[in-house]
Amino acid sequence: MDEFFNPTCLTRSAATMAACLGIDAPEKAEEGLSFLSDLLIEKMGGTAERSLFFHPDAVAQWLWRKYPRYFEPVMRYAPVAMPLGVVMPSVTPVCFSTMYSGAMPAVHGIQEYRKPILTIDTLFDRIIASGKRCANVASEGCSMAMLYADRKMDKFVTRDDQDTYEKALELLESDRYDHISVYFGEYDEYMHKLGTEHETALAKLEEHFLHFADIAAKANTLWAGKRPLITVQTDHGVHNLADGRGAHGTETTDDLNVVHFFGAYNN
């Protein structure tokens, strides 16, 4: 087991992404990473005019280190890697609430595995307030669909990851949106049932990133000349239980250490 805890907290993400988009940070967000936003803005030749945030659930840093071949599509379209430490408890609704609000769980109010509508100001709220056209694509019952169900943006609730993939491509083709968030959850689903390194779970992980590559390639093509920002941002890591099934939620490096990836383009 890796004994090093990533020192940069997930709370820094929201303000960093807001700076890249040229919008205000969420009200309670912790300070952004200026070195990262400055780098991405420089690569784009200005703040992003279009953005795609891809959110695969439960992709631990150790998976990247152990199975780098699965991440080749990620590195092609989002080659800037930033190690982060997530918050406790390391479960999906808590971590996605922190990712979009920039606040610790005690501040944003989601401190356990539950999915009420998040009431704190978030990156979605700042994107909408800036006048950007915003869409969120996520499967029925997942945290990304439920936490932001009341936001005044276009919300697409899908049946499964394949449906999410097809909807994301459709939305890009429509050219109606400045920002699209896309959530994939089936690696998390299968690793809970079968184990973090079961062949079926790893096949889902590989599929996630192949689908990401298709979505990112289409975004880059259709958003040519629009300074696109493309990210891959997971919520938390994973570990195996004694019975072989996968889990998360603990204060261990396997659960807390993740890596986010960024691609900034001036097409």
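What follows is a short exchange on cavities, a pocket, a helix and cysteines.

Modeller: Keep in mind that this is a predicted model.

Colleague: How many cavities of 30 Å³ or more does the structure hold?

Modeller: Rolling a probe the size of a water molecule over the atoms shows where empty space is left. Here the largest cavity has a volume of about 60 Å³. The count of cavities of 30 Å³ or more is 5.

Colleague: Which elements give two or more residues to the lining of the largest cavity?

Modeller: Start with the lining itself, which includes Q61, W64, V259 and F261. Two elements give two or more residues to this lining: α3 (61-66) and β9 (257-264).

Colleague: How many charged residues are in the lining of the largest cavity?

Modeller: Among the lining residues are P56, V59, A60, F71, F209 and V232. Sorted by class, the lining has 9 nonpolar and 3 polar residues. As for charged residues, there are no such residues in it.

Colleague: Now the largest pocket. How do its lining residues divide by class?

Modeller: About 260 Å³ of space lies in this pocket. It is lined by 18 residues, and those closest to its centre are S139, E140, C142, Y183 and G185. By class, the lining divides into 3 nonpolar, 6 polar and 9 charged.

Colleague: Which helix gives the largest share of that pocket lining?

Modeller: The largest share is 3 residues. They come from residues 186-194, which is helix α10.

Colleague: Helix α5 next. How many of its residues are buried?

Modeller: Helix α5 covers residues 92-101. Its buried residues include T92, C95, M99 and S101.

Colleague: How many disulfides does the structure hold?

Modeller: A disulfide is a covalent bond between the sulfur atoms of two cysteines. A pair counts when its sulfur atoms are within 2.5 Å. The number of disulfides in the structure is 0. C20 is in no disulfide, and its nearest cysteine sulfur, that of C134, lies 16 Å away.

Colleague: Is C20 buried or exposed?

Modeller: Buried means under 20% relative accessible area. C20 has 0% relative accessibility, so C20 counts as buried.

Colleague: And C142, which cysteine sulfur is nearest to it?

Modeller: C142 has 8% relative accessibility, so this residue counts as buried. C142 is in no disulfide. At 14 Å, the nearest cysteine sulfur is that of C95.

How values were computed:
Residues numbered from 1 in each chain as written. Predicted model: local features only at pLDDT ≥ 70, side-chain atom pairs only at ≥ 80, totals over all residues. Heavy atoms only, no water. 1 Å grid on protein atoms, 1.4 Å probe; cavity = no way out; pocket = protein on both sides within 12 Å on 5 of 7 lines; lining within 4 Å. Points joined across faces, edges and corners; volume = space filled by probe spheres on them. Helix = DSSP H or I, 4+ residues; strand = E, 2+ residues; numbered from the N terminus. Nonpolar A, V, L, I, M, F, W, Y, C, P; charged D, E, K, R; others polar. Buried < 20%, exposed > 50% of the residue type's maximum accessible area, 1.4 Å probe, protein only.
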